[in-house]
Amino acid sequence: LSSVSPSSTPLTDTLIRVPIVTGTNSLCLLLRRDSATGSQRAPVARSYAGREWEQSAGLFAKTGSGVSVDCSGGAVTECDVTLPPLEGGMEYVLESYEYESTSEAEAARFLEQATFGPTRDSI
């Protein structure tokens, strides 16, 4: 977990370079939140399962939000993310998660996405 606090954030856009998450069961989120309480969490961007960084759905996915993601470098292992200035009392944080799942859970997930859902026999 790392953060960019309001006192160190300029009034202009900030460019950060973030590594692409390489683990197949890994997720990294870039969030904006209230620095005092951790509330008012808004996803900004994400990288997961070896995929390049992308803008997250929601507030910062809108055109003109000030967020942009550029993963156009050659052998991409990092991406540049441009962040808009923060409002007072807010900060950006990176959060990383890893998870384990069973083969049954993976099969059920696949069937939920590719069909009308799994049955016990199909798993």
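**Paired strands and salt bridges**

Ala45 stands opposite Gln55 in S5. This is one point in the pairing of S4 with strand S5 (residues 54–55), which runs in the antiparallel sense over two bridges. A strand here is a DSSP run of type E with at least two residues, and strands are numbered from the N terminus. Two strands pair if DSSP finds at least two bridges between them.

The model is predicted, so local features need pLDDT of at least 70 and side-chain atom pairs count only at pLDDT 80 or more, while totals for chains, interfaces and linings use all residues. Residues are numbered from 1 along each chain as its sequence is written, and side-chain values use heavy atoms, with hydrogens and water left out.

S4 and S5 form a hairpin with five residues between the strands. In this hairpin, Ala49 takes a positive phi near 50°. S4 also pairs with S3, again in the antiparallel sense, and here the pairing covers six bridges. Within it, Cys28 has Ser47 in S4 as its bridge partner.

Another group of strands forms an open sheet. Three strands make up this sheet in the order S2-S7-S6, with antiparallel pairing. S2 and strand S6 (68–70) are the edge strands, each pairing on one side only. From one strand to the next, the twist averages 25°, where axes are lines fitted to C-alpha atoms and angles run from 0 to 180 degrees between N-to-C directions. The antiparallel pairing of S2 and S7 extends over six bridges. Follow Thr14 across to S7, and its bridge partner is Leu83.

Side chains of opposite charge can pair when their charged atoms come close. The structure holds six salt bridges; each is a side-chain nitrogen of Lys or Arg within 4 Å of a carboxyl oxygen of Asp or Glu.

One of them joins Arg17 to Asp80, with the closest N and O atoms 2.8 Å apart. Arg17 lies in strand S2 (residues 14–19) and Asp80 in strand S7 (residues 78–83), so this pair ties together parts that are 63 residues apart in sequence. Are these two residues buried or exposed? Arg17 is exposed, at a relative accessible area of 55%, whereas Asp80 is buried, at 18%. Buried means under 20% relative accessible area, exposed means over 50%, and partly exposed lies in between (1.4 Å probe, protein chains only). Arg17 and Asp80 also belong to a network of salt bridges that includes Glu78.

A second salt bridge brings together the side chains of Arg41 and Glu95, at 3.0 Å from N to O. Arg41 sits in the loop between strand S3 (26–34) and strand S4 (42–48), and Glu95 is in strand S8 (residues 90–98), so parts 54 residues apart in sequence are tied together by the pair. Arg41 is partly exposed, with a relative accessible area of 44%. Glu95, in contrast, is buried, with a value of 10%.

The side chains of Arg46 and Glu54 meet in a salt bridge too, and the distance from N to O is 2.6 Å. Arg46 has a relative accessible area of 32% and is partly exposed. Glu54 is partly exposed as well, at 28%.

Technical notes
Helix = DSSP H or I, 4+ residues; strand = E, 2+ residues; numbered from the N terminus.
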